[in-house]
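These are my notebook entries on a structure that I looked up. I record each item in the order in which I consulted it.

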Amino acid sequence: MIITSPGRLSALALAAAFAVGACSGSASPSPAASTAPGASAAASPGLGGPAAPSGDVSLAGAGATFPGPLYQVWVEKYAAAHPNVKIDYQAIGSGGGIKNITAQTVAFGASDATMKDAEIAALPAGTKILHIPTALGAVVFIYNLPGVTELNLDGPTAADIFLGTIKKWNDPKIAALNSSATLPGADIVVVHRSDGSGTTNAFTTYLGAVSDGWKNGPGVGKEVNWPTGIGAKGNDGVAGGVKQTPGAIGYVELNYATQAALATAKLKNADGAFVAASVDGVTAAADASVATFPADFRAAPIINGAGAATYPIAAYTYLLVYADQKDQVKGQALVSFVYWALTDGQADEAGLGYAPLPKAVQDKALAELHTITSGGTPIWP
Amino acid sequence: MTTLAPIGRLRGRTATRRADVVFRGSTRVFGGAVIATLGVVAAVLVVSSAPAWTRFGVDLITQTTWDPVRDVYGALPFIVGTLYAAAIALLIATPIGVLTAIFLSEFAPRRVAIPLTFTIELLAAIPSVVIGLWGIFVLSPFLRDTVDSWLIATLGWLPFFRGPSFGVGLGAAGVILAIMILPTIVSISREVLSSVPNSQREAMFGLGATRWEVAVKAVLPYARSGVVGAAILGLGRALGETMAVTMVIGNGQDIPVSIFDQAQTIASKIAVTFNEASGGFQTQSLVAIGLILLVMTLLLNVAARLLVSRAQRGPIR
């Protein structure tokens, strides 16, 4: 996933440049901080959260691009409140986040897809990684069909389109869902991701859940063997491809569709209602699924959740952190930052096109923060 | 030689000779370093891709399914896509490039030839991402709405021109590549044509030939293999070009037949998916197709070098 619109891109570049520049000045914790880490006084503002360290600390993080804009805002706001803590987040992709946290080159990773069992098995012996959910996103169908302002889709039809078995826009299966629209007889041009992506993972999880043809065909994953269509790199590539090609349909992350103002399709949910993708629809999906949130936090994308307002394709995005922090001071800074993100930071989400965590998941994540240790001692008892 | 030897000895076996040794030694080291770099790259590719070769063997080259979900990898569509896109590029760029070179070396007055040569070489300086963006936003919609629809209407009965065209695809990638290899073809061809001895031209003029006849019947045949070499060097660049191709080729998964099909080259496949590749044999298989690309490019470059060096010695009879 690539972060796209020029404004956001330059803002990110600036933020990254700032963070890198700032880090080089304080690459290691000051002696004062490492000798007396427990003596820190500065606490998170407001709530009785974990204390931030008082000395200079720098944290490096890398991973998913989807929450990149959100994390940049968080990093800036947190740094404003804690000038001694420098956090640098590189949006290099979920796979890169997992690779980096496995190689222990970053203080935290980030990923849209949860780590697979094989990836957990590949961790160095004795290392445990916690998945901390931070936000939810959705996958949205975008289309380019001049004259058609509203488009309804359901799972099986969408799967057939992406399987290439529905080839024309006026196919009876699409027409049956859109009785009020005049559909042209144009070819359907499928635009999909060419790079591996958490968005594709959530999207193919949905198609696999609603269509046996998809499950037994291309299957579910970050990168699949697409049966048809044009491949484009990143959310912006898919959006650009759809915008330029009359008759095209593609899929992007909700926050992307929100900010780029693309024509999006309504999707039929488990209750039979056609819902437009929105932060509210994702929140509804998350609320409906909290009971099944797994104990190890590795929640699969939320597909076809119950509820009339629920949008059918929602997914958590995660921070990946070591359960045991090698460096006590850095661990303290990390716990303080994540606590802030899970509490105060949640208010930033909706405006950027992300859905905040449901209360129950937030509580679970905060409880998980208590379990982070350094040298066997809990950092935030 | 024998008379010169004492003078060399007189100059002093000290400073000069030591400098000689140092100079010779350092040229050897740096010269060797270039070879060693190639060797290290090849060795790393072989070692890192070994598990994939053990697992899939020649299936990596001959199979058509690239499926990360099932962890099965066959790169034939990308190999075909690479060669296909490069072939289109060559078909477009060779005639244009060679005719431009003939114009520059035989017809153009100096005040035209020098700025034109400079401009063409400037084409090589455009970053490929920029060419790719131009390809997406200008070229592919243009091709789709004009050239492609005409091709489909007139030649659509041929499998190579079967529609529909969505703009992005092999054809667009071929045109983009043609633009990118044009400077290579023009500058090398011009070089080769200029190295044709003037006696060739003078003899033809002496027989009463026109300038056109001189260029086509005396100069071009003499330089023929060098021009072929120029085209093959262009082909080498076309095979390895990544960024611009990725942006316009459409990244399809199947073996392309029509020039309007979406395809993938080896370089674009690696560039697009390597970052998120994980687990199983995906990373090793991507390295393996990188090795395939290296071998393909090396073979072509060796062929080109041989042809160019023969051209400098004279015409093929």
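In which sense do strand E4 (residues 129-144) of chain A and E8(A) pair, and over how many bridges? I found that they pair in the antiparallel sense, over 6 bridges. Two strands count as paired if DSSP finds at least two bridges between them; helices (H or I, at least four residues) and strands (E, at least two) are DSSP runs, numbered from the N terminus.

I noted the conventions next. The model is predicted, and local features need pLDDT of at least 70, side-chain atom pairs count only at pLDDT 80 or more, and totals for chains, interfaces and linings use all residues. Residues are numbered from 1 along each chain as its sequence is written, while chains are lettered from A and ligands numbered from 1 in the order in which they are written.

**Entry: strand E8 of chain A**

Ile142(A) stands opposite Gly250(A) in E8(A). Strand E6 (residues 189-193) of chain A runs parallel to E8(A), joined to it by 3 bridges, and Val190(A) has Ile249(A) as its bridge partner there. Strand E8 (residues 248-253) of chain A is largely enclosed by the rest of the structure, because 6 of its 6 residues are buried. A residue is buried if 20 or more other C-beta atoms lie within 10 Å of its own, exposed if 12 or fewer, and partly exposed in between, with C-beta atoms placed from the backbone.

**Entry: Ala295 of chain A**

I located Ala295(A) in the loop between helix H12 (279-289) and strand E11 (302-303) of chain A. Is Ala295(A) buried or exposed? Ala295(A) is exposed, since 6 other C-beta atoms lie within 10 Å. I also found 8.9 Å between the C-alpha atoms of Ala295(A) and Lys364(A), which are 69 residues apart along the chain.

**Entry: chain B and its confidence**

I counted 13 helices and 2 strands in chain B. Of its 317 residues, 42% count as buried. The mean pLDDT (the predictor's confidence in each residue, from 0 to 100) of chain B is 88, and 93% of its residues reach 70 or more. For the model I recorded ipTM 0.81 and pTM 0.81.

**Entry: the core**

I looked up the largest nonpolar core, which has 183 residues; Ala85(B), Ile176(B) and Leu177(B) have the most contacts inside it. Such a core is a set of buried Ala, Val, Leu, Ile, Met, Phe, Trp, Tyr and Cys residues joined through C-beta atoms within 7 Å. Helix H8 (residues 170-194) of chain B gives the largest share of this core, 16 residues. Not counting residues up to four places away in sequence, Leu177(B) touches Ala85(B), Ala86(B), Ala89(B), Ala238(B), Glu241(B) and Val245(B).

**Entry: where chain B meets chain A**

I found 25 residues of chain B in contact with 30 residues of chain A, contact being C-beta atoms, placed from the backbone, within 7 Å. Strand E1 (66-67), helix H6 (128-145) and helix H12 (266-273) of chain B are the elements that give two or more residues to the side of chain B that touches chain A. The residues of that side divide into 10 nonpolar, 12 polar and 3 charged. Here Ala, Val, Leu, Ile, Met, Phe, Trp, Tyr, Cys and Pro count as nonpolar, Asp, Glu, Lys and Arg as charged, and the others, Gly among them, as polar.

Key:
Two residues are in contact if their C-beta atoms, placed from the backbone, lie within 7 Å.
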